[in-house]
Each structure stands twice: as structure tokens, then as C-alpha cells.
Amino acid sequence: MRVGPSSNPLVLIGIGLLALPASYAVQSLPIAACALGAYAIAGLLLVPRWRGIRLRIAVVVFAGLSVVYSTWLLGGHDVEQAVVAGLRILVLALPGAVLAAYVDPARFADQLGQRLRLPARPVVALSAALQRFERLGETWSQLDRARRARGFGPTRGPVSRARHAAGLTFGLLVSAMRDATSLSVAMESRGFGSATTRTWAEPAPWHRSDTALLVMGIALAAVPIALYVAGW
């Protein structure tokens with residue numbers, strides 16, 4: 001049993017959400033160390049590849065360090081309290097940041113529409129929005145190459161780079177609005193505005209491995225809660 005593209009998106013998101021109550025139980029340094037250690041061991045055993053995830057982890061670690069500094073600065077220079085606050089952020093955000101890389105928008109929509117019985121229109125719209133969001137980086141690169149090929153690339157100065165970034169942002173906004181309009185017309189032409197029931201192209205199965213992965217996520221979230229109740 002390993003986390004991968006075939007893992008149930010509902011389970012992956014559920015494990016990420018379970019980190020929220022787990023983080024509330026992180027009230028001391030031993031609890032924070034045990035909770036973070038449990039998640040780290042599970043990640044090393046279950047996550048097959050880390051390419052593309054290291055940047056997400058770096059962002060979460062940066063957020064944790066910023067919380068450590070701000071808590072130390074504004075909380076009476078208490079080092080232990082600041083470290084616990086930073087580790088609480090890691091327990092809260094790291095599971096979701098890692099598992100989000102394996103959530104497939106199409107399979108997520110299948111689970112929402114068929115297993116949770118949510119309305120088809122917002123489910124399909126959510127799936128399309130998530131897929132468009134994943135392509136924002138590619139669109140940004142295309143716009144950057146196009147502007148450089150036309151001689152509008154930035155110089156080394158910070159003002160020039162800021163203007164270049166502002167131009168790319170505006171182009172990205174225009175591209176996103178154009179794609180949203182095309183998608184809206186396509187959905188209306190397929191009857192999403194008036195149809196009450198719809199069929200789905202792919203099934204939304206629930207395997208035993210999904211149950212096992214969810215149970216493991218519950219167990220990981222229960223570690224800091226159990227230690228907090230035990231008085232650590």
C-alpha cells in the first residue's frame with residue numbers, strides 16, 4: 001500500500017483534513033516531536049517519489065520558521081513556545097501539502113459526484129478549475145517566452161523585472177478569463193445548465209487499500225490527541 005496517482009482522492013484529502021484536529025493537540029514539545037515523527041515515518045514509507053513535492057515542503061517549512069520567529073518576538077522571547085508553534089504549523093500543513101500532489105482532479109470529481117452524490121454542475125466546474133489551475137505555470141512560461149521573443153524581455157534592473165512580472169500577470173489574467181468563457185460555453189452546450197441527472201464516464205470505486213490508508217491517516221491524527229489527553 002503506497003500513495004500514488006491511483007489513490008482515492010477523497011482519502012488523500014481526508015488525511016489532510018485530519019491534520020487540523022491533530023495540530024490543535026500539539027501543545028508541548030514532546031507531542032510536537034512525536035506527531036511530526038509519526039507523519040515523517042509514514043511519508044517515507046508510503047510516498048514513492050518526492051519530485052515536485054520538495055518545493056511544497058520548503059514553503060511549509062518557511063511558514064513554520066516565520067511563525068517561530070514571530071511567536072518568539074511577540075510572545076515574550078519564550079523559545080519553547082515559539083518552537084511548538086512552528087511545529088504545530090508543520091503538523092497542520094505538511095500532510096496536505098504532500099498528498100495534494102497526488103490528487104487527480106478528474107478522479108476527485110468522480111468521487112464527489114458518484115460516491116458523495118454532490119450536484120454534477122459544481123463538481124464538473126470544480127474539476128475543470130483544478131485542471132486549469134495546474135496549467136497556470138505552463139501558461140506563465142508561454143507568455144514569458146512570447147514576450148521575450150518579441151523583444152519585451154526584462155533587463156537586470158528590479159523595476160524592469162517588476163514591470164515584466166506585471167505584464168505577465170495581466171496576460172495570465174486575460175488568458176484565464178478567456179479559458180473560463182470557453183469552458184462556460186462548452187458546459188452550457190452539453191446541458192449542464194438545465195440537466196437534472198447526468199451519467200459519468202468513469203466509475204468511482206472504493207478499494208480495501210483506500211480503507212487501510214484512511215485508517216492509517218486516522219491513527220496518525222490520533223497520536224498527538226492521545227498524547228495530549230494523557231497529559232504529555
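## Helix packing and transmembrane spans

Over residues 212–231 the chain is 90% helix and 0% strand, with the end C-alpha atoms 29 Å apart. Please keep in mind that this is a predicted model. A residue in α7, Thr 139, then gets a closer look.

**Transmembrane annotation**

- An unreviewed UniProt entry places the feature "transmembrane region" at residues 30–48, 55–75, 81–103 and 212–231.
- Residues 81–103, one of these annotated spans, are 83% helix and 0% strand in the model.
- The end C-alpha atoms of residues 81–103 lie 34 Å apart.

**Helices α2 and α9**

- Two packed helices are described by the angle between their axes and the distance between the axes.
- The crossing of α2 past α9 is right-handed.
- On the α2 side, the contact is made by Ile 31, Cys 34, Ala 35, Ala 38, Tyr 39, Ala 42 and Leu 46.
- Their partners in α9 are Leu 213, Met 216, Leu 220, Ala 221, Val 223, Pro 224, Leu 227 and Tyr 228.
- By class, this contact of α2 with α9 holds 15 nonpolar residues, no polar ones and no charged ones.

**Helices α7 and α8**

- From α7, the residues in contact are Leu 136, Thr 139, Trp 140, Leu 143, Asp 144, Arg 147 and Arg 148.
- From α8, they are His 164, Ala 165, Gly 167, Leu 168, Thr 169, Gly 171, Leu 172 and Ser 175.
- The contact of α7 with α8 divides into six nonpolar, six polar and three charged residues.

**A closer look at Thr 139**

- Thr 139 sits in helix α7 and is one of the α7 residues that meet α8.
- Its relative accessible area is 17%; buried means under 20%, so Thr 139 is buried.
- Leaving aside neighbours within four places in sequence, Thr 139 is in contact with Leu 172 and Ser 175.
- Both Leu 172 and Ser 175 are listed among the α8 residues that α7 meets.

How values were computed:
Residues numbered from 1 in each chain as written. Predicted model: local features only at pLDDT ≥ 70, side-chain atom pairs only at ≥ 80, totals over all residues. Heavy atoms only, no water. Contact = heavy atoms within 4.5 Å. Helix = DSSP H or I, 4+ residues; strand = E, 2+ residues; numbered from the N terminus. Nonpolar A, V, L, I, M, F, W, Y, C, P; charged D, E, K, R; others polar. UniProt positions renumbered as here; feature names shortened; annotations may be inferred. Left-handed = near helix turned anticlockwise from the far one by under 90°. Buried < 20%, exposed > 50% of the residue type's maximum accessible area, 1.4 Å probe, protein only.
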